[in-house]
Amino acid sequence: KLYEDVADLPGFNYDFVIAGGGTAGNVLANRLTENPNVSVLVLEAGVSNAGILPSEVPFRLGELFAPTVWNWNYTSTPGTGLLDRVLGVSRAHFLGGCSGHNGMVYTRGAAADFDRYAQITGDQGWSWNNIYPYFLKTENWTSPADHHNTDGQYNPALHGTNGPVFTSLNGYPYTQFEQNVIATTKTLPQDWPFNLDMNSGKPLGVGYLQSTIGNGERSTSATGYLAPQYIQRPNLHVLLHSQVSKLVNSTMKNGNVSFGGIQFKYGNSLYTAKAGKEIILSAGVIGSVQILQNSGIGPQEVLSAQNVPTLLNLPSVGKNGTDHPFFSIIWTVNSTRTYEAVTRNTTAFNKAQAQWNQSKTGPLVTSPLGTHIGWKRLPTNSSAFSVHADPNPNPTAPHLEFVFVPGGQIAADGNSPSGPAGESNFMTIGVALISPVSRGSVNISSSDPFAPPLIDMGFLTNEFDVLAIRDGIADAQKFVSQPAWKGYLETLVTDLTPATLETTIRNTTDQSFHYCGTNGMSAHGASYGVVNPDFLVKGVTGLSVIDGSTLPIIPAAHTQAVVYVFAERGADLVKKRWNL
Ligand SMILES: Cc1cc2nc3c(=O)[nH]c(=O)nc-3n(C[C@H](O)[C@H](O)[C@H](O)COP(=O)(O)OP(=O)(O)OC[C@H]3O[C@@H](n4cnc5c(N)ncnc54)[C@H](O)[C@@H]3O)c2cc1C
């Protein structure tokens, strides 16, 4: 049941209390309450997802990044690798979490990513072959909104059809642009082979973009895992407007810390809920760190600096934060079939919205993040390797990602996808570095548990990353030098002057919004890491973290699909340890 008011909550004692009703949290809430004898309380700081139109209408996601009640409205610390730029760090503040305001791109990563997780954690359960069934379990593949013939655009054998989250191919065509992309795979097959389905575990090449969209509407952990048949369960309670501050009533048990309660704020009052079995933190890459550090679990020097008594000196809490730095290259094009047809014309936009309202078809049914994605390795003679060893040596895993977009500036920087001002039409190739060496951090900024934390994205602090992005830019330029683009492509808008390119990169690189890893998973007994391979926090009893913060290394993927499978396996591991 969904509760808007704490006064309506029947009690404060549950088997499991989950902090955060986001992407991972709702998976856990659903799976744990499959057993009617198990009681679960989810504490979500944000509001209900119901009726948030920019979340429901895929193309309108840019509106979610404005400072509203739907967003945590964080900002980063000045980026030393970004010429001290401060970035707006968008995180969803409503039920469903970032699955409700992300770009909806559905990518699973490389098999090599998961095999590396298995190796790092010493748990074969994290290998690609063992995780693969969880991808199918989460997914409900559907026909695109325009029901076009999808033969040759994906491999049906790789997709689940019974899971809670809808996925599909784009349901609105940008035909000429799409033909140009595919034609380039034919004239440059060595560099850019066509890949029928990048979600096979072997992503290298160019393929059709898949997204978490079903029947023209965004699909999220809230619409899927908390669908009416699940949220009705009498053993599942979700309380909104409830921000967890910290874990309280600590004791030592067998040399481990343990907590008797989880404190949260509703309105102006503090409450404490109790978990008979386990407290699960699913508050995301920023929120889960903040709760741990507020509770006295983290690097001693960080806690002491804010006068928070250290209960457990766990130096990795908040470290290892990683995102894919994203650089956009924009050209004007000789076509009117681009995103600008809708974003710059109010009449056309209103017509498109009316069409969506009526039939869930038309230009608003796709994410504004493109039609195709390409994945590529750096050349073996890349100058990047002269400053750092290859961070992703497996030959089947990519270093770089390319997003092909029939429109101007996409939403990577949190702005609306309306493109540069003017009358032109645009295309963008987004170049993302998938294997960055730079790392950031999240740390509390105060002993006030509700003060926003310090978020260092860490972008471009290692020279490897700048050199690798330069290679990616050269790849993109080669891509559009092919015959398919003649007559379509007009003028390069982005300044790629070689002499000033490094400054341009540092001045304009932004997030992919895949920040993860701040409570990284490591092997039992490892000298670093925050959670063990079963998600239990090292040195603590009865506490786990299950969300994107636990990814040991950033995967070659937009991270939501990976977070979904982490949570699905997490739910199985929790059930197993409690014999449920
Ligand atoms: C703007 C943006 C675009 C993205 N685009 C894509 C994309 O196209 N494809 C893709 O695969 N991935 C994308 N991602 C990444 C992906 O969405 C995230 O990695 C993933 O959703 C994270 O899931 P999570 O469960 O770790 O955290 P979240 O989904 O963020 O869930 C955390 C939840 O906890 C709540 N919370 C936080 N602190 C507290 C607290 N103290 N008390 C109570 N509740 C709290 C939050 O409100 C939120 O609901 C994007 C992310 C963003 C932000």
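Biologist: How do you know that E13 and E14 pair?

Modeller: In this predicted model, strand E13 (242–253) and strand E14 (residues 256–266) are joined by ten bridges in the antiparallel sense. Pairing requires at least two bridges, so E13 and E14 count as paired.

Biologist: What lies between the strands in the hairpin of E13 and E14?

Modeller: That hairpin has two residues between the strands, and Asn-254 takes a positive phi near 50° there.

Biologist: How do you know that E14 pairs with E15?

Modeller: Five bridges join E14 to strand E15 (residues 269–281), and at least two are needed, so this is a pair. The two strands run antiparallel, with Lys-265 opposite Leu-270 in E15. Their hairpin also has two residues between the strands, and in it Gly-267 has a positive phi near 60°.

Biologist: What makes E14 and E25 a pair?

Modeller: Two bridges join them. The requirement is at least two, so E14 and E25 meet it. These strands run parallel, and Ser-258 has Thr-541 in E25 as its bridge partner.

Biologist: Why is Phe-513 called buried?

Modeller: Phe-513 has 22 C-beta neighbours inside 10 Å. The cut-off for buried is 20 or more, so Phe-513 counts as buried. Phe-513 lies in the loop between helix H13 (501–508) and strand E25 (540–541). Its phi is near 65°, a positive value in a residue other than glycine.

Biologist: Is Asn-579 buried or exposed?

Modeller: Asn-579 has 5 other C-beta atoms within 10 Å. A residue with 12 or fewer is exposed, so Asn-579 is exposed. Asn-579 is in the segment after helix H14 (560–577), and its phi, near 50°, is positive in a residue other than glycine.

Biologist: Why are E8 and E24 said to stand at the edges?

Modeller: Six strands form an open sheet with antiparallel pairing, in the order E8-E19-E20-E21-E18-E24. Strand E8 (205–208) and strand E24 (489–492) each have a single partner strand, so one side of each is left without a neighbour in the sheet. From one strand to the next, the twist averages 25°.

Biologist: What makes E18 and E24 a pair?

Modeller: Strand E18 (residues 326–333) is joined to E24 by two bridges, and at least two are required, so they pair. They run antiparallel, and Trp-331 stands opposite Leu-492 in E24.

Biologist: Which strands does helix H12 touch?

Modeller: Helix H12 (residues 463–480) packs on the sheet and touches E18, strand E19 (372–376), strand E20 (400–405), strand E21 (425–433) and E24. The direction of H12 makes about 140° with that of E21.

Biologist: How many residues surround the ligand, and which are the closest?

Modeller: There are 41 residues around the ligand, and the closest are Gly-20, Gly-22, Gly-97, Gly-103 and Gly-287. Helix H1 (23–32), E13, helix H8 (284–294) and H14 each supply at least two residues of the shell. The largest share, four residues, comes from H8.

Biologist: How many residues of the shell are nonpolar, polar and charged?

Modeller: The shell has 16 nonpolar, 22 polar and three charged residues.

How values were computed:
Residues are numbered from 1 along each chain as its sequence is written. This is a predicted model: local features need pLDDT of at least 70, side-chain atom pairs count only at pLDDT 80 or more; totals for chains, interfaces and linings use all residues. Axes are lines fitted to C-alpha atoms, for helices over the stretch in contact, and angles run from 0 to 180 degrees between N-to-C directions. Two residues are in contact if their C-beta atoms, placed from the backbone, lie within 7 Å. A residue is near a molecule or strand if its C-beta atom, placed from the backbone, lies within 6 Å of it. Ala, Val, Leu, Ile, Met, Phe, Trp, Tyr, Cys and Pro count as nonpolar, Asp, Glu, Lys and Arg as charged, and the others, Gly among them, as polar.
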